[in-house]
Amino acid sequence: MKTVIVITGHGSYATGLKSSIELLAGQNRDLYYLDLMVDDTDQILKEHMANVVKENEGSSVLFICDILGGTPFKVSVEIANNNDDMEVVAGCNIGSILEGVFQKDKISVRELADSMVLSSKRTTVRFEKNTVNQNTVIDPEEGI
């Protein structure tokens, strides 16, 4: 089953992630970015989400929200709560979202949600300064 991902959050959270995701992974027709702007209501966001779900009838849906308990999270939960083909996660970082983009059609939506949460936990770290040799030169050409 095809999985679509809806990224949502306060302000320009979703469209901000869009620019990063497209830079790193290219465009993907199965990703939707829904911002909740200051003048928007929860009902407006819910209508946008419902349109994405309707447009992708027969697909699994993973909602990725900026913060646990915020309006985008609550609206996502209202839509997904009684549907086995929908999941909601909150607080994921860009690395876990990228992993999810690449895995979304290979595993179930529930496994995808669990994988993204675990990835966020695994990749959220504090840099340990004393573990790097001070004479080590970091090549600025390396990286993503």
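A: What follows is a short talk about strands, helices, salt bridges and a surface patch.

Q: Before we start, what kind of model is this?

A: This is a predicted model, and the residues are numbered from 1 along each chain.

Q: OK, how many bridges join β1 to β3, and which way do they run?

A: There are six bridges between β1 and β3, and the two strands run parallel. One place to look is Ile 5, which stands opposite Leu 62 in β3.

Q: Why is β3 described as largely enclosed?

A: Strand β3 is made up of residues 60–65, and six of the six are buried, so the strand is largely enclosed by the rest of the structure. If you follow the directions of its residues, Ser 60, Leu 62 and Ile 64 point one way, while Val 61, Phe 63 and Cys 65 point the other way, and all of them are buried.

Q: What about β2, how many of its residues are buried?

A: Six of the six residues of β2, which spans residues 31–36, are buried, so this strand too is largely enclosed by the rest of the structure. Both of its faces are covered, with Leu 31, Tyr 33 and Asp 35 on one side and Tyr 32, Leu 34 and Leu 36 on the other.

Q: Which residue in β2 is the bridge partner of Ile 5?

A: That is Leu 31, and the strands β1 and β2 are joined by six bridges and run parallel. To get from β1 to β2 the chain passes through helix α1 (residues 13–25), and this β-α-β crossover is right-handed.

Q: Let's zoom in on Thr 3, where does it lie and is it buried or exposed?

A: Thr 3 lies in strand β1, which runs over residues 3–10. Its relative accessibility is 1%, so Thr 3 counts as buried, the cut-off for that being under 20%.

Q: What is Thr 3 in contact with?

A: If you leave aside the neighbours within four places in sequence, Thr 3 is in contact with Asp 30, Ser 60, Lys 104, Asp 105, Val 109 and Leu 112. Among them, Asp 30, Lys 104 and Asp 105 turn up again with Lys 2 in a network of salt bridges.

Q: How many salt bridges does the whole structure have?

A: A search of the whole structure finds six. One of the salt bridges is formed by the side chains of Lys 46 and Glu 78, at 2.8 Å from N to O. Lys 46 lies in helix α2 (residues 42–55) and Glu 78 in helix α3, so this pair ties together parts that are 32 residues apart in sequence.

Q: And what about Arg 122, which residue does it form a salt bridge with?

A: Arg 122 forms a salt bridge with Glu 99, where the closest N and O atoms are 3.5 Å apart. Because Arg 122 lies in helix α5 (residues 109–123) and Glu 99 in helix α4, the pair ties together parts that are 23 residues apart in sequence. Arg 122 counts as exposed at 52% relative accessibility, whereas Glu 99 counts as partly exposed at 28%.

Q: Switching topic, what does Ser 96 touch?

A: Ser 96 lies in helix α4, which covers residues 94–103, and not counting residues up to four places away in sequence, Ser 96 touches Met 116, Ser 119 and Ser 120. At 0% relative accessibility, Ser 96 counts as buried.

Q: Last one, which residues form the nonpolar patch on the surface?

A: The patch is formed by Leu 23, Leu 24 and Ile 94, which together have about 280 Å² of accessible area. Ile 94 is found in helix α4, and with a relative accessibility of 32% Ile 94 counts as partly exposed.

Conventions:
Predicted model: local features only at pLDDT ≥ 70, side-chain atom pairs only at ≥ 80, totals over all residues. Heavy atoms only, no water. Helix = DSSP H or I, 4+ residues; strand = E, 2+ residues; numbered from the N terminus. Buried < 20%, exposed > 50% of the residue type's maximum accessible area, 1.4 Å probe, protein only. Contact = heavy atoms within 4.5 Å. Patch = residues over 30% accessible without salt bridge, like charges linked within 9 Å, V, L, I, M, F, W, Y side chains within 5 Å. Areas by Shrake-Rupley, 256 points an atom, 1.4 Å probe, with all protein chains shown as cover. Salt bridge = Lys/Arg side-chain N within 4 Å of Asp/Glu carboxyl O. Pairing = 2+ DSSP bridges. Right-handed = clockwise from strand over helix to strand, strands pointing away.
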